[in-house]
Amino acid sequence: MKSKKNKKNAVNKDVKKDVKKDVKVAVVKKEDMFEARLHKHYDELKWLYCELYQQQPNPLNYFDDLIKNLKDFYDQREAYLKELDIAREKNTNWYKGNDFIGMMMYVNNFSGTLKGFEKRIPYLQESNVNYIHLMPLLTSPKDEGDGGYAVADFRNVQEELGTMEDLRKLAKKCHRNKISICLDFVMNHTSNQHEWAKKARAGEQEYQDRYFFFDNYDMPRLFEEKCPQVFPTTAPGNFTYLEDIHKFVMTTFYPYQWDLDYRNPIVFNEMVYNMLYLANQGVDIIRLDAVPYIWKQLGTNCRNLPQVHTLVRMMRMITEIVCPSVLLLGEVVMAPEKVVPYFGTIEKPECHMLYNVTTMATTWHTVATRDVSLLKHQLDILASLPKQYIFQNYLRCHDDIGWGLDYGFLRYQGIEEVAHKKYLNDFFTGKYPNSFSCGELYNDDESLGDARLCGTTASLCGIEYYDKQKDKDGIQSAIDLDLMLHGFLLSLSGIPVIYSGDEIAQYNDWEYKNDKYKQADSRYIHRGAFNWRKAGRRKIDNAIQAKVYQGISKMEKIRLQYDVFSTDANIYTLNTWNKSTVALVRETENEKFIGIYNFSEYEEMAWIDEQDGLYKELLTKQKDFKASGLKLPGHGILWLWRSKKA
């Protein structure tokens, strides 16, 4: 049923009244609010903490220190954030509707500074965005910062972006405009320029105990027997030798990122305090970076160990005690059915949301193969998962695209992993005959026949290529592909997030090769500065930017209007009997939606046969549409909808 504004406003007024009542109680009984939340979780939190740190002398001393500091962070929380806590405690589904649309961006690329960002809020509102993921902005070295993921200070902002006070003011303004903020929390490691690392390097044992330090290579060698390498070409191995102090330190990612040892309760406590500090600046969503890696144990692959779930469960309870309006977003790069443990259980939840990495990678695989079989297979797996599992969906992000596909499934089609990865990378870097894509490889490992892919959505779809060729038909075909992919994204179950610049068809930034700080990392090709001049063309008829921006905006607004796009809808696929078209159904008690997508550049049929009534095509507004034997143009899209009410 189409949402009614007046009905929604009435509900909002009622919620506001309830919140005001509760806020008055909270002001009078502020101590009781914290104590009530703490009481709810105290026994489990204490039990998990003491079990995890039972090998430590006096673990209760560390636990008591944790509880004392939780109270301090609660007391320091601003009144408006406490009001938000109460409102979201009453409406725990606040982020699960059809009105949550995200965008991720680097502040320096988007607005220059945090103060400058405030002036860009109207653009976000025009773009239907009410959830922004600000890419890493905490203090990190310029030369060895890994794009902000090597944090030197968790309580300060990069100097060129502004100050922590600027972030706090921006968060407050965003909240006034009903925009939620997500920030990265890099918890697996610190920069080697962090205060702890400097003291550890200076020989202070207390701080060496916060990392993994070894006097010789005996223990690192044993770890290496089981631990895979994250970057085998650019940062081989999992340890770095520090010549100045003649010690080895664990560095899973890059040599300048030192892994924290969460076996030390001081590390957990202090990192929790850093997380709560960010929450108290007004951050709504904490992205837990590389969370599967945070517990290391000799004799294992140091990934996804049970203790990781204990740590995340404790962090979930801690946020519910101090700042229950804050969500935890887990970065877990695995197939959807394998990341499920990171949601926890209904009784003992962990992350509120997780990334849907596999569907992203499989979508691009489908672009290259024009074969939807793997995509349909994975959509069916997603449809089988409980509705309370909320995934964040995206076509592109700040990172590379890794080809972690279901090769067990693909082998049934005669597709082998190494050969297929080469085909995908050749296709998306323009090396394959008749390819239109302009991507670049990242961490190309010739020995394994493996590499990852970089590039903006527009460049991977061919808009950049055909624009340079001045091929109008090619440009239109590439735009159709771009819009079809965004339409598919917006109809998936979960929260859609667009990478800043994709909404205006921004091209690759080849200038990164001329920057000494970026040229070794090809991911900067899709991390270019937002082109505000081209963004101005979003309102010029027939401009490439206008066609993409207006096309995406149109679909976003339709999504906002129909309740069938909420996360509680039932989802399943239909067989189209055509290898290039996929049909995704969303259904509630009152509505039914069928999204049909053609991954081929040629006209194709979708041989569905739904005999349950006539539909409306939402994109063209054509009524009395039969959902049977449908013809789609190249890269075509159909959004069919019908009311199930008599």
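Mentor: Happy to. Let us start with a definition: a helix axis here is a line fitted to C-alpha atoms over the stretch in contact, and the angle between two axes runs from 0 to 180 degrees between their N-to-C directions. Please keep in mind that this is a predicted model.

Two packed helices are described by the angle between their axes and the distance between the axes. Our pair is helix α3, residues 59-76, and helix α12, residues 265-279. Their axes come within 10 Å and cross at roughly 5°. Angles under 35 degrees count as roughly parallel, so α3 is roughly parallel to α12.

Now look at the side of each helix that takes part. From α3 come Tyr-62, Asp-65, Leu-66, Asn-69, Leu-70 and Phe-73. Across from them, α12 brings Pro-265, Ile-266, Phe-268, Asn-269, Val-272, Tyr-273, Leu-276 and Tyr-277.

Most residues other than glycine have a negative phi. Asn-58 has a positive phi, near 55°. At 51% relative accessibility, Asn-58 counts as exposed. Lys-470 also has a positive phi near 55°, and its place is the loop between α20 and α21 (472-491). Lys-470 is exposed too, with 66% relative accessibility.

That brings us to the aromatic rings. The structure holds 48 aromatic pairs. One of them joins Phe-436 and Tyr-466: their ring centres are 6.4 Å apart and their planes stand at 35°, so this pair is tilted. Phe-436 belongs to the loop between α18 (417-428) and β15 (440-445), while Tyr-466 belongs to helix α20 (residues 463-469), so the pair ties together parts that are 30 residues apart in sequence. Phe-436 is buried, at 7% relative accessibility, and Tyr-466 is buried as well, at 18%. Both rings are members of one aromatic cluster, which also includes Trp-364, Trp-403, Tyr-423, Phe-427, Phe-428, Tyr-432 and Tyr-465.

The charged end of Arg-88 sits over the ring of Trp-94, 3.6 Å from the ring centre. Arg-527 lies over the face of Tyr-524, at 4.9 Å from the centre of that ring.

Finally, here are two residues with opposite surroundings. Thr-362, in helix α15 (residues 357-369), is buried, with a relative accessible area of 0%. Leaving aside residues up to four places away in sequence, Thr-362 touches Leu-374, Leu-375, Gln-378 and Leu-405. Thr-362 and Lys-387 are 25 residues apart in sequence, and their C-alpha atoms are 21 Å apart in space. Asn-542, by contrast, is exposed at 66% relative accessibility, in the loop between α22 (532-535) and α23 (544-561). From Asn-542 to Met-317 the separation is 225 residues in sequence and 51 Å in space, C-alpha to C-alpha.

Technical notes:
Residues are numbered from 1 along each chain as its sequence is written. This is a predicted model: local features need pLDDT of at least 70, side-chain atom pairs count only at pLDDT 80 or more; totals for chains, interfaces and linings use all residues. Side-chain values use heavy atoms; hydrogens and water are left out. Helices (H or I, at least four residues) and strands (E, at least two) are DSSP runs, numbered from the N terminus. Angles under 35 degrees count as roughly parallel, over 145 as roughly antiparallel, 65 to 115 as roughly perpendicular and the rest as oblique. Contact means heavy atoms within 4.5 Å. Rings of Phe, Tyr and Trp (its six-membered ring) pair if their centres lie within 6.5 Å; planes under 30 degrees apart count as stacked, over 60 as edge-to-face and the rest as tilted. Buried means under 20% relative accessible area, exposed over 50%, partly exposed in between (1.4 Å probe, protein chains only). A charge sits over a ring if NZ of Lys or CZ of Arg is within 6 Å of the ring centre and within 35 degrees of the ring normal.
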